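This report is meant for someone meeting the structure for the first time.

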Amino acid sequence: MSAEQQERAVRCLVAKVGLDGHDRGAHVIARAFRDAGFEVVYSGLHRAPEDIVQAAVQEDVDVLGISILSGAHNTLVPKVIEGLKEYDAFDDTLVLVGGIIPDEDEDELKELGVAEVFGPGTPMEETIEFIRNNVPERA
Amino acid sequence: MAGSDAPAFADAPTLSDDDAALVEDLLSGSHRALARVITKIENRTPGYRAIVSALHEHTGGADVIGITGSPGAGKSTLVDKLAAAYRDRGDTVGVIAVDPSSPYTGGAVLGDRIRMGSNVGDMDVFFRSMSARGQLGGLSTATADAVKALDAFGKDVVVLETVGAGQNEVDVVRTADTVAVLVQPGSGDDVQTLKAGILEIGDVFVVNKADMDGAQRTVAELEEMVHRREGGTTGRGAGHHGAASMASTGAGGSPAGHGDGHHDGGHHDGGNHGDGHHASDHAGGSGHGESDARAGDSHDSWTPDVLETVANSGEGVEALIEAFDAHAAYLRESGEIEVTERRRYAAEIRTLVRADVGALATAEIERHGGIDRLAERVRDRETDPYAVAEAIVGPIADCVDEERADDDERDD
């Protein structure tokens, strides 16, 4: 009955997990996403995996970008993914990892369900393009 | 639009099966479902109206608190501490934090979540960031609907946080039962600007960062302003105040108690004289309900507290919660809550109806070749704005008349 316009926006959570305190990259990403027209929630530093899960579920984000520069991705990312599954939120969340990830770990993360890993020097447009093309469709 | 069987207003919009399941899940406590419903509300996904419709009967259980203030006043930090304090006493909490979005790209960085340090990992604090997606006047509808979702979910307290920058934001906080206006010390000019608009909507004023220089002065300025607003109503206002204090004696830390403290003797006397008939005045005061002026309603009977907090350390948060409780108790005991709710729902209905009729009209304008073409024709003196308006709205009005006639026939 209503001729109301839909107002869909891509929602992203940019998350810093664990003990690494370097968030320049996360800030730059957050701003680039905003300028691309996304709505960005930033988690703040030193979050535990369950905090990230809480934020991703409550904010109902389409995209979860985890920035890790500490090398602890093999412990932290699986916990986040497990948590998302627990809340039934994994299937329609695009999980991305950014940071310094060795090639062999990259494959493992992708097997776990990470959609893509972006290393240092990835052009911002590439990440944004990837999100636009892969954001899960929602009813 | 054509041929749609315009439903009588007793009919709620129909829920799809998926949405019915979603509502079911939300009501049974699924965080995921709650989050998803708020997304649908935000996106105005087709069907969201039926969802909100279905939730309405489950609402009314939560105390809804609006918090507004200038950027940097410490709203998010205070909300974090408030949420933690509510949790300590066993209440569950929902938070909706509204941030502005870029008028150019529509993008936004929603930063309030960073301050929620005291409640990370606690799922019983449901924190949701919303952006002001260029929704013309629709922001308050979206946030009010999101509050309903949290309320229906069963949250005891729902906090609505927004930057007090303009009419949009004022509309947002006005959907709350209790409104706190946050001010930071040394913002003398701020307090000046608060006079217009924001001051009228505050039920509680909070000077945050009260450990900073100039806090006392800001408190004094606010106190003075609160009194002036009180003074503007002369004897009548004071009378109401007396009535309120009668009604709520016994409620620990009652609002009236606070209020009396702020009063100077002269006012107070006036109040006591008027007590009897003003009290009855109030009971039958349905006239208030029709008036749109909240200021008129609330300052007749409730004197806002001016409190001090240091959000960083949590100082003053307990007292603030007491003030919120006192205001909630006052609303219930004085019957003011009915007036407030009626006014709020009236505003909601008006907004929705206007938006829907506006959408109908917009579609009609398109059918007539679009607004630019119409404007051009007016400019060429082919036609004039009144004729155009008549051509567009006339058929809509005719449809309504026909429907009415059909309805009457059926009724007979």
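Two strands are said to pair if DSSP finds at least two bridges between them. The model is a predicted one, and that definition is needed at once, since strand β2 (residues 39–42) of chain A and β3(B) pair in the parallel sense over three bridges. Within this pairing, A:Val40 stands opposite B:Val109 in β3(B).

**Where the chains meet**

The contact as a whole involves 36 residues of chain B and 36 residues of chain A. On the side of chain B that touches chain A, α2 (31–43), β3 (108–110), β4 (125–132) and α16 (336–367) of chain B each supply at least two residues, and the largest share, seven residues, comes from α2(B). Sorted by class, the residues of that side of chain B are 13 nonpolar, 14 polar and nine charged.

**The sheet of chain B**

In chain B, seven strands form an open sheet in the order β4-β2-β5-β1-β6-β7-β8, with parallel pairing. The edge strands are β4 and β8 (305–308) of chain B, each of which pairs on one side only, and neighbouring strands of the sheet are turned by 20° against each other on average, direction ignored. Strands β6 (residues 178–183) and β7 (residues 204–207) of chain B run parallel and are joined by four bridges; here B:Val181 has B:Phe205 in β7(B) as its bridge partner. Helix α4 (residues 75–88) of chain B lies across β1 (63–69), β2 (93–100), β4, β5 (157–163) and β6 of chain B, and the helix runs at about 175° to β5(B).

| Strand pair | Sense | Bridges | Partner residues |
|---|---|---|---|
| β6(B) and β7(B) | parallel | four bridges | B:Val181 and B:Phe205 |

**A region of chain A**

UniProt, in an unreviewed entry, places the feature "domain: B12-binding" at residues 9–138 of chain A. Over residues 9–138 of chain A, the chain is 45% helix and 19% strand, and the end C-alpha atoms are 12 Å apart.

How do helix α3 (residues 73–86) and helix α4 (residues 103–112) of chain A cross, and at roughly what angle? Their axes come within 10 Å and cross at roughly 10°; because angles under 35 degrees count as roughly parallel, α3(A) is roughly parallel to α4(A). In this contact, A:His73, A:Asn74, A:Val77, A:Pro78 and A:Ile81 of α3(A) meet A:Asp105, A:Leu109 and A:Leu112 of α4(A), and by class the contact has five nonpolar, two polar and one charged residues.

Key: Residues are numbered from 1 along each chain as its sequence is written. Chains are lettered from A and ligands numbered from 1 in the order in which they are written. This is a predicted model: local features need pLDDT of at least 70, side-chain atom pairs count only at pLDDT 80 or more; totals for chains, interfaces and linings use all residues. Two residues are in contact if their C-beta atoms, placed from the backbone, lie within 7 Å. Ala, Val, Leu, Ile, Met, Phe, Trp, Tyr, Cys and Pro count as nonpolar, Asp, Glu, Lys and Arg as charged, and the others, Gly among them, as polar. Axes are lines fitted to C-alpha atoms, for helices over the stretch in contact, and angles run from 0 to 180 degrees between N-to-C directions. UniProt positions are given in the numbering used here, feature names are shortened, and annotations may be inferred rather than shown by experiment. Angles under 35 degrees count as roughly parallel, over 145 as roughly antiparallel, 65 to 115 as roughly perpendicular and the rest as oblique.
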